[in-house]
Amino acid sequence: MKAEMDQILSLADGESIAELQKYLSSLTNDQLITATTNSALKGKKVGSMLKGIFKGSPAVSSEGANRRLLVYEHLIPLCESGDLQAEVAADIIGLLMLETHTLSGSSLAKLAALFVDAIKVGKMGSGKSLELFPTILTALAVCEALSYGKGELSGEEYKKQLINSLCSSRWDPQCVIHLTTMFRDVPLSSEELQFLVEKVLRMFSKLDLQEIPPLVYQLLLLSAKGCKKKILDGIVSYFRDQDLRQEEEQKDGENLHLEIQTIPQDQLRHVEGTVILHIVFAIRLDHELGREFLKSFKTSYGNLCPFSVALLLSVARIQRYEEQVFDLLKGAVIKSFKDEQLQQGSKFLQDLLPGHCSVAKMILDTVKNSVFGWDHVTQGLVQLGFFLMDTFGPKPGPFGKSTEGPVGVARTPSQQACKLGGQMLLQGFKMHEPIRGEILEQVLNRLVTKTASPVSHYLDLFSDIVISAPMILLESSSKVTETFDHLTYLPLATVQGLLKAVQPLLKVSMSLKDSLILVLRKAMFSSQLDGRKSAVTGFLLLLKNFKVLGSLASSQSTQAISSSQVQVDVHSRYNSAANEAFCLEILSSLRRCLGQQADVRLMLYEGFYDVLRRNSQLASSIMQTLLSQVRRYYEPEQDLLPPVKLEPCIAAHGDQVYLQEPLAHLVSCTVHCLMWLQNTQQAASLNADDSDDDEEEEEGYKSELQTILESMTRRMIKCELEDFELDKSAEFSLGSSVGVKNNIHAVLVMGLHEVLMEYNFIKANY
């Protein structure tokens, strides 16, 4: 055999083609095939040998044409067999491609039939020789006439028949990717392309999951020829079905208490993630593909599924599509909620359309699925979450008031859409470490900057984040501390919501608590009234939430202990001494408010009762504070009327007269605190372990307050309006300072009457 090979090579190098032809004619087909096979297997000089055979086999003679065909028919299966080295097989196919145009029509038809039959029986597993098939089909298409059955067909028609036959036959799953790759190089009409795409999409279900991404990649390259919408719809439809199957298997597994999974969930999600990357990459290069993709979701949200939502959010990272994608998803969300609302309100619609397609559920499923390394989706999820909250959050009404009341349950589609945005961000915060910083920063930025519009929905989200992941949030505590610096400039409602939300963090972070105390102390001396109100709100909230469970001796409670000196032990359930010192320090700060405007004092009186109920160990300090304040306005001389001094309750500034002390609220607060303490006294006496000093002190202020209230009641009954300088002839016009003063006096007197009536009614226990 070596001799034949050497002979062919030496003759091919010589000048005389006639001698080469003569020698080749003397070899039998078997000898030629054996020589070629040996040369190919050894990988030595196979290219030179093939060139020699083709040189000595002129395509114009029938003998030469037959020899060429013989070589093709033998080498194609040999390359596919896997016996040859990859480089040798590639060289052989390259040489065969170069010589294809010299083959006759009938030879091309035989080779094409050879390929089709091999594909049908699954002998094209490696796909090495498939590179030759497009060249054969292209050469066939230009042939003028080919015999087909009993008649003749043009080359183009013959090629159509071959493609039709190929796409109608059964494909071995192993060669689907190779065939799709191969068809990229075959000129196809739109009908042929459609037929091919449908065939490949049908094969998805027969392939192993790991083979889907490379096949999708080849299909996307094939989409350059057309059928873009069909290819994208087919890919999305396949993954929608996979997700539904996963859901059903999960439900069945839960019912049977078994784990039934044909495809592991993490494997499916990783494949989906890879496919999403392929599609986004293709859309970046082919804007027509992007337009087709978005078009299919514009008409109806029924086409959406968790996979397509993830894909849309990834596409949103391409700047030219960002606005379109978010508008599209916003429309889908609001329409879905509206349809759901209509369906819930109509029995007819429930019967007519039993299964409602919930876009909200799909989006939340996408958030859940994104935990499997979908970093290209998470950024879009954050943007969409804030986009929904910004768009559908409560709107400012007249004078900056919210047009919607506090939303406990989201009722309208807009409220539901806003709530969905919050749920997305909360779940995203819990699941994805890289986006936590951004979510927190954006929430806090909105609380600080959106002073003109309601931010209750952002406060709810921040509160949910704190409750669900306090330790995670502590890693970003510097951002929270920065927000505290803006407290004095924020609306009171925002301050209240923010401080309420941040309470759980203050219990575990000493530095955060110290920062807040510092800011609140500064705010206490702010030139802005709202700033001082914010300080009172903050201090009252802290008093409510830092429970004092032990008790300090009264001599210790008077010592000034700085909150930064008392280290809270985070690991113990509470540190009683530290909490008491902390609360007494706050109370001393709050006493300074008793010299400020009526609005600030009013907030304090309204808050003390709540503090007392939540933190009863502070009773002594609170009651002493209230008692000393009541003494300022109480007339101790029992024979004098009226029993209260109203003049110090009013202040004048130039021509203006205004209320300085809301006396009725002060007495009301004192009454409520006193009554609550008396009610709890019985329970306390059953398991009392208080010291005698504490009991004596408690009895002291209680009896003094009761004496004051009884004296006030007795003397108020005797009082006439004239005693308050409010007789019938008094002026009540709001145009003059005297009229304003009389108005304030009247309101205070009326308030005192109401409070004393309530006290006596409850005390008498009718």
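Predicted model: local features only at pLDDT ≥ 70, side-chain atom pairs only at ≥ 80, totals over all residues.
Me: Why is Thr 483 called buried?
Reply: Buried means under 20% relative accessible area, exposed over 50%, and partly exposed in between, with a 1.4 Å probe and protein chains only. Thr 483 has 3% relative accessibility and therefore counts as buried. Of the 766 residues of the protein chain, 48% count as buried.

Me: Which residues does Thr 483 touch, not counting residues up to four places away in sequence?
Reply: Contact means heavy atoms within 4.5 Å. On that basis, Thr 483 touches Leu 444, Val 448 and Leu 498. Thr 483 itself is found in helix α25 (residues 477-484); helices (H or I, at least four residues) and strands (E, at least two) are DSSP runs, numbered from the N terminus.

Me: What makes a set of residues a nonpolar core?
Reply: The members are buried Ala, Val, Leu, Ile, Met, Phe, Trp, Tyr and Cys residues joined through side-chain atoms within 4.5 Å. The largest such core has 127 residues, and Ile 92, Phe 133, Trp 171, Phe 204 and Ile 212 are those with the most contacts inside it. Its largest share, nine residues, comes from helix α17 (residues 319-344). Apart from this core lies another, of 104 residues, which includes Val 600 and Met 716.

Me: How do you know that strands β3 and β4 pair?
Reply: Two strands pair if DSSP finds at least two bridges between them. Four bridges join strand β3 (residues 650-653) to strand β4 (residues 656-659), so the two are paired, and they run antiparallel. Ala 651 stands opposite Tyr 658 in β4. The hairpin has two residues between the strands, and Gly 654 takes a positive phi near 65° there.

Me: Why is Cys 673 not counted in a disulfide?
Reply: A disulfide is a pair of cysteine sulfur atoms within 2.5 Å. The nearest cysteine sulfur to Cys 673, that of Cys 669, is 4.1 Å away, so Cys 673 is in no disulfide. The structure holds zero disulfides.

Me: Is Cys 673 buried or exposed?
Reply: Its relative accessible area is 0%, so Cys 673 is buried. Cys 593, at 0% relative accessibility, counts as buried too.

Methods: Residues numbered from 1 in each chain as written. Heavy atoms only, no water.
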